[in-house]
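This report covers a ligand site and a pair of packed helices. Please look over the sequence and structure before reading on.

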Amino acid sequence: MPTTTGMKGGGYYDANSREQRSASQSFLPWLETAIAELPEPPPHQQSWNLLDIGSSEGANAIFTTERLITALRKKNDLPVWAFFDDLPTNDFNQMFLNLFPAGKPVITDNNVYAAAIGGSAFGRLVPPASLHLATTFNAIGFFETRPVASLPGFILPMMPNPQAPREGVQVTEEELIPFQKQAHQDLCHFYRARAAELVPGGKLLVQIFGRNEIHSTGHGISDVLSDALLDFVEADMLSRAFYEEFLFPASYRNTAELIEPLENVPELKAAFRIDQVDARDVPVPFNEAFTANGDRAAWARSYTGFLRAFTEPVLAAALPDKLPQENTVEKIYQRIERLLQDHPDRYEFHFISIATLLTRL
Ligand SMILES: C[S@@+](CC[C@H](N)C(=O)[O-])C[C@H]1O[C@@H](n2cnc3c(N)ncnc32)[C@H](O)[C@@H]1O
């Protein structure tokens with residue numbers, strides 16, 4: 001079973017994901033430039049075929065796809081298939097509303113055909129050798145399935161942030177090993193599927209939330225979620241057993257881990273050329289607004305919205321059916337907003353966006 005049912009739907013993710021857009025935009029120029037050297041489709045395949053993987057409700061995915069279509073139009077006017085994939089549980093209704101607001105296509109080029117695909121990034125999504133461009137943004141950090149391992153002392157499989165210590169929060173290096181193994185396996189599955197789907201010369205841009213030598217995108221967000229849950233445990237509104245079992249099912253990789261399978265797994269090494277790889281501490285819109293206006297309450301509100309958009313479905317599915325208080329989910333996010341407002345330094349957030357651009361050989 002996938003580790004998430006998707007993002008918080010009904011337009012919530014779209015309204016609270018300017019940070020993810022900033023993280024993907026940082027690397028789009030790589031692909032826009034590389035499109036110039038993309039081989040023309042053979043005569044039997046008279047279209048450009050693009051696939052974005054993990055598109056969620058679509059606002060960000062449509063934005064990036066339109067930019068790629070603009071770059072393709074500098075080459076020729078061939079018809080374009082624009083495929084948007086996510087898990088079958090994603091809010092595809094919202095995606096179609098975004099693709100056809102007021103019933104009219106949002107992509108105005110009338111030779112572009114948009115379609116949605118339900119399926120996992122770690123498996124095959126389209127026929128063999130059919131894609132010219134594949135992209136994925138802020139998605140494949142989610143594990144393919146929940147790793148079979150426990151992590152009682154924290155809610156994210158990584159070392160807790162030394163800047164936000166708390167009694168009862170601890171992780172050992174040994175505990176992390178099964179998660180690291182699975183993160184590697186997941187990437188192998190992802191690259192193998194794309195190797196089958198891309199035409200020779202096709203391009204794959206992979207971007208994810210990750211970490212560098214100083215910061216992890218998991219810092220701040222996991223600290224405040226963990227603190228809120230522990231506050232609820234201490235107030236007997238959640239059991240310690242719940243905290244010990246709860247896991248946010250994501251991996252925050254560094255660039256070495258991102259390309260490791262492409263360097264060491266013979267079949268993948270033969271399938272792809274690595275054109276670019278980098279980690280960037282990208283601008284975070286809610287931090288920039290805070291710097292400009294010093295409005296701590298507004299910062300806490302936007303930070304909470306950003307966090308809620310991708311954590312609520314996982315948290316809501318994990319919470320027990322019977323709880324001492326009504327609206328526990330709502331109360332947890334209220335607590336998170338309060339904590340952020342009271343301790344902005346403890347929950348400092350950096351978006352470390354990591355990416356690689358590959359060419360199918
Ligand atoms: C944080 S959103 C990113 C959305 C968009 N790409 C962006 O950058 O704003 C992550 C998306 O990845 C999707 N996702 C998670 N696991 C997936 C999987 N195994 N296959 C496909 N999509 C997946 C989630 O459902 C969610 O919509």
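## Ligand shell

How many nonpolar, polar and charged residues are in the shell around the ligand? The model is a predicted one. In it, the shell is made up of 9 polar, 8 nonpolar and 2 charged residues. There are 19 residues around the ligand, and those that come nearest are Tyr13, Gly54, Asn60, Asp86 and Ala121.

## Polar contacts and burial

Asp86, one of the nearest residues, places a polar side-chain atom 2.6 Å from an oxygen atom of the ligand. Asn138 also has a polar side-chain atom by a ligand oxygen, at 2.9 Å. For Ser120, an N or O atom of the side chain is 3.2 Å from a nitrogen atom of the ligand.

The ligand taken alone exposes 600 Å², and 98% of that is buried by the protein.

## Helices H11 and H12

Two packed helices are described by the angle between their axes and the distance between the axes. For H11 (residues 285-293) and H12 (residues 296-318), the angle is about 180° and the axes are 9 Å apart. Because angles over 145 degrees count as roughly antiparallel, H11 is roughly antiparallel to H12.

From H11, the contact is made by Phe286, Asn287 and Phe290; H12 brings Arg296, Trp299, Ser302, Tyr303 and Phe306. By class, this contact has 5 nonpolar, 2 polar and 1 charged residues.

Definitions and conventions:
Residues numbered from 1 in each chain as written. Predicted model: local features only at pLDDT ≥ 70, side-chain atom pairs only at ≥ 80, totals over all residues. Heavy atoms only, no water. Axes fitted to C-alpha atoms, helices over the stretch in contact; angles between N-to-C directions. Helix = DSSP H or I, 4+ residues; strand = E, 2+ residues; numbered from the N terminus. Parallel < 35°, antiparallel > 145°, perpendicular 65-115°, else oblique. Contact = heavy atoms within 4.5 Å. Nonpolar A, V, L, I, M, F, W, Y, C, P; charged D, E, K, R; others polar. Near = heavy atom within 4 Å. Polar contact = N/O pair within 3.5 Å; in protein donor to acceptor, adjacent residues only side chain to side chain. Areas by Shrake-Rupley, 256 points an atom, 1.4 Å probe, with all protein chains shown as cover.
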